[in-house]
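Subject: Structure handover

Hello,

Here is the structure for your files. Please look it over first; my notes follow below.

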Amino acid sequence: MSSSTAFPGQSPLAETAPLSLCAREPRVPADRLVAEMVPPPRFDSVRFDTYVPDPNQPSQSEAVTVLSGFAAGLGGSHATGSGRRKWFGGKKPATPAGPRGVYLDGGYGVGKTHLLASLWHATPAEPSLKAFGTFVELTNLVGALGFQQTVQTLSGHRLLCIDEFELDDPGDTVLVSSLLSRLVEHGVALAATSNTLPGKLGEGRFAAADFLREIQGLSAHFRPLRIDGEDYRHRGLPEAPPPYSDEQVTRAAYATQGASLDDFPGLLAHLAKVHPSRYGALTDELGAVCLTGVTAVPDQSTALRLVVLADRLYDREVPVLASGVPFDQLFSDEMLNGGYRKKYFRAISRLTALARDAKGLVAQ
């Protein structure tokens, strides 16, 4: 199709054909993984005073109060220089008494990430002394740097924020528990979000007895803070728009600067070839993601990769326009009733929000 072609009733198409996620094979150096441990673009400007508590859920207002005080108490932390400069030697500070962290527990869409990012922004320290990342990004960092260098890199920080603390693998439980224990010894404060209380992690996924000791040891580092409420993305908002036709999606892709256009089954196959730590780079500089032929995902491994991609797109506020089945039909009933159900419901919620954002891309 010519770059100057226009569909009937549509404005002239973009100068170039759409991008393709399937054509991208990003390589992400380790130093980028460290530098990018900050709140994602969607949460650049969030603060405690921009969080709007549900008046029917007093635990939300309480969370703001508790976290504001927690941030203020970190002003005199031990760290005096970037953890990246403390790779050799250095005397360990005394281990603080009592819990050294806060654990935000609640369902998807109650604003946990907003609060966690607000804590990061409110903590009185230079950005190089604060780290923010998802659980997956933290394990990827260990994979890139190695365990000891990760400890050395983060040990001078005042705060480490871990979003969406999920246990996908018993080995990750041991890895992260050991890492956080070492960081607590160095006086690093911890904050995390999850959809489950620390003592309940892993239930419904694995034989909890195999790593219950690790879970209990990890939970001792945190003060659990329950946040009740409904998914704010559904509070007073219209239902997600139905899927569009292949033709509408293709038109929008050609008419939108920086849009990608991919066949959904082809994209799922491509995700299997790209490590999830690179999904953020996969979405660099995208104006929109356009997908044709969306179908239910065929298996759990594919579904979990799609969850990671949905998180990265949501973080970067990339609209998603799609044809095929609605996003609430991506995952089978068996998946939605299984151990990873909270991940799948989060992905549906976030993709639905991005689908709403994409409505303006379609010519009326």
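Helices (H or I, at least four residues) and strands (E, at least two) are DSSP runs, numbered from the N terminus. This is a predicted model, where local features need pLDDT of at least 70, side-chain atom pairs count only at pLDDT 80 or more, and totals for chains, interfaces and linings use all residues. Residues are numbered from 1 along each chain as its sequence is written, and side-chain values use heavy atoms, with hydrogens and water left out.

**T113**

T113 sits in helix α3 (residues 112-122). T113 is buried, at 7% relative accessibility. Buried means under 20% relative accessible area, exposed means over 50%, and partly exposed lies in between (1.4 Å probe, protein chains only). Leaving out residues up to four places away in sequence, T113 touches F43, F132, D163, E164 and R350. A contact here means heavy atoms within 4.5 Å.

**The sheet**

β6, β7 and β8 form an open sheet in that order, with parallel pairing. Two strands pair if DSSP finds at least two bridges between them. β6 and β8 (320-324) are at the edges with a single partner strand each, so one side of each has no neighbour in the sheet. From one strand to the next, the twist averages 15 degrees. Axes are lines fitted to C-alpha atoms, for helices over the stretch in contact, and angles run from 0 to 180 degrees between N-to-C directions. β6 and β7 are joined by five bridges. D263 has T292 in β7 as its bridge partner.

**Helix α9**

α9 covers residues 264-271, and its buried residues are F264, L267, L268, H270 and L271. They span an arc of only 160 degrees around the axis, which puts them on the same side of α9. That arc is taken from the directions from the helix axis to the C-beta atoms. These buried residues pack against β6 (259-263), α10 (279-282), β7 (288-294) and α11 (300-315). α9 lies across β6 and β7, at about 110 degrees to β7.

**Helix α11**

Twelve of the 16 residues of α11 are buried, so the helix is largely enclosed by the rest of the structure. Among them are L306, V307, V308 and L309. How far apart are the end C-alpha atoms of α11? They are 23 Å apart, which agrees with the 22 Å that its 16 residues should span. The expected span is 1.5 Å times one less than the number of residues.

**Cysteines**

There are zero disulfides, a disulfide being a pair of cysteine sulfur atoms within 2.5 Å. C22 is partly exposed, at 28% relative accessible area. C161 is buried, at 0%.

Best wishes
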